Amino acid sequence: MLAAYYSSFGGPEVIKLGDQPAPLLGKDEILVKVRASALNPVDYRLRQGQFQWALRRKLPKLIGADFAGEVVQSNHPDYRKGQAVFGQVSALKGGAHAQLLVAKPHQLAPKPDNLIWEEAAALPLVSSTVVQSLRDWVKLQSGESVAIIGGGGGVGTMAIQYARHLGATVTAVGSTGKQSLMEELGADHVVDYTQERLTGQYDVVFDAAGQQTWSEGKNFLKKGGRWLTLQPYPKYYALMALTWFLPKKLKVMLNRVNAKDMQVIRELAETAILQPVIDSTFTLEDVQKAYERLESGHCAGKVVLLH
Ligand SMILES: NC(=O)c1ccc[n+]([C@@H]2O[C@H](COP(=O)([O-])OP(=O)(O)OC[C@H]3O[C@@H](n4cnc5c(N)ncnc54)[C@H](OP(=O)(O)O)[C@@H]3O)[C@@H](O)[C@H]2O)c1
């Protein structure tokens, strides 16, 4: 089958599109013909060699976690041939930027009826990250205030929508070109970081861009406030334990796909509470160009591939 993969670590130029063995269907698993897939920073960070210690499989490595497509064969009673699904396989394993992939039942859900393929593919990883971050890790409450750093990115565009849904007052930080998008998504206040600095104090600061440090971020917290980072560095895990006993807490989260949250995301999409934001669409053949776009670091929402 045709798939995107790499045989050495490096920049987008090491990505190849070529013939790779089709995945084998195991017990309870679902074989999907991929119609669209989405890119995430974890995909290029793995390719750059950042988390080599976590890669159990040897090179060549398939790429991509987020997908939407049609079931072609199912060994699970909840899924049937021809059904439209969307989901998220492990980025460590990869395989979403391919003609076919095999998913486990907790990694997918029926596709939201109101979304086209590329919109559905754009949702899973960033949406589950946001839901797990704001609902579970910082327990954002109605009436609280949240500052979202990187409000125009893949995670940030979902975070603004979900924080508003939870009833929080949202301040979103992004570059000049992101201001109107962040307002349209529901931000109460917007900050252009190229012109001004974030001010004030918040119940929650969500660094959805990996741009703040704890030393900076804690200054923007009220007493009892929570600062959340998506950067899973050992120093942050140590600080998370340390701040457990302090009035201002650091939280570091790592996304974990699960069946319950895939259903939650589907419902949030079908009720238009979470609307996918697409920066750009490329064909699978242009996968290198798509990664060059994402790796510019300034996308407005998601980069997706149409297969
Ligand atoms: N822990 C986890 O499970 C997990 C899950 C998902 C993502 N992540 C991580 O979270 C980060 C963001 O992911 P993503 O998918 O949202 O990436 P993305 O789509 O590339 O978005 C990053 C956003 O940050 C903005 N930005 C850049 N510099 C900024 C600054 N100084 N201040 C405020 N905003 C700034 C960028 O646009 P502008 O500069 O134009 O505003 C862009 O919109 C990545 O590091 C990713 O690896 C971790």
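Strand β1 (residues 2–6) pairs with β4 in the antiparallel sense over two bridges; strands pair here if DSSP finds at least two bridges between them. This is a predicted model, in which local features need pLDDT of at least 70, side-chain atom pairs count only at pLDDT 80 or more, and totals for chains, interfaces and linings use all residues. Residues are numbered from 1 along each chain as its sequence is written.

**The sheet**
- Y6 stands opposite K61 in β4.
- The open, antiparallel sheet has three strands in the order β2-β1-β4.
- Because β2 (16–19) and β4 (61–62) each have a single partner strand, they stand at the edges, with one side of each left without a neighbour in the sheet.
- Strands (E, at least two residues) and helices (H or I, at least four) are DSSP runs, numbered from the N terminus.

**The ligand shell**
- Around the ligand are 31 residues, of which G150, G153, G154, A209 and N255 come nearest; a residue counts as near if its C-beta atom, placed from the backbone, lies within 6 Å.
- Elements giving two or more residues to this shell are α1 (41–47), α3 (124–137), α4 (154–165) and β10 (169–174).
- The ligand lies between domain 1 (2–123 + 276–306) and domain 2 (126–252), because both give residues to the shell; the bounds come from an automatic or database domain assignment.

**Around A121**
- Leaving aside neighbours within four places in sequence, A121 is in contact (C-beta atoms, placed from the backbone, within 7 Å) with A36, S37, A38, D66, F67, A68, F86 and V304.

Methods:
Contact = placed C-beta atoms within 7 Å.
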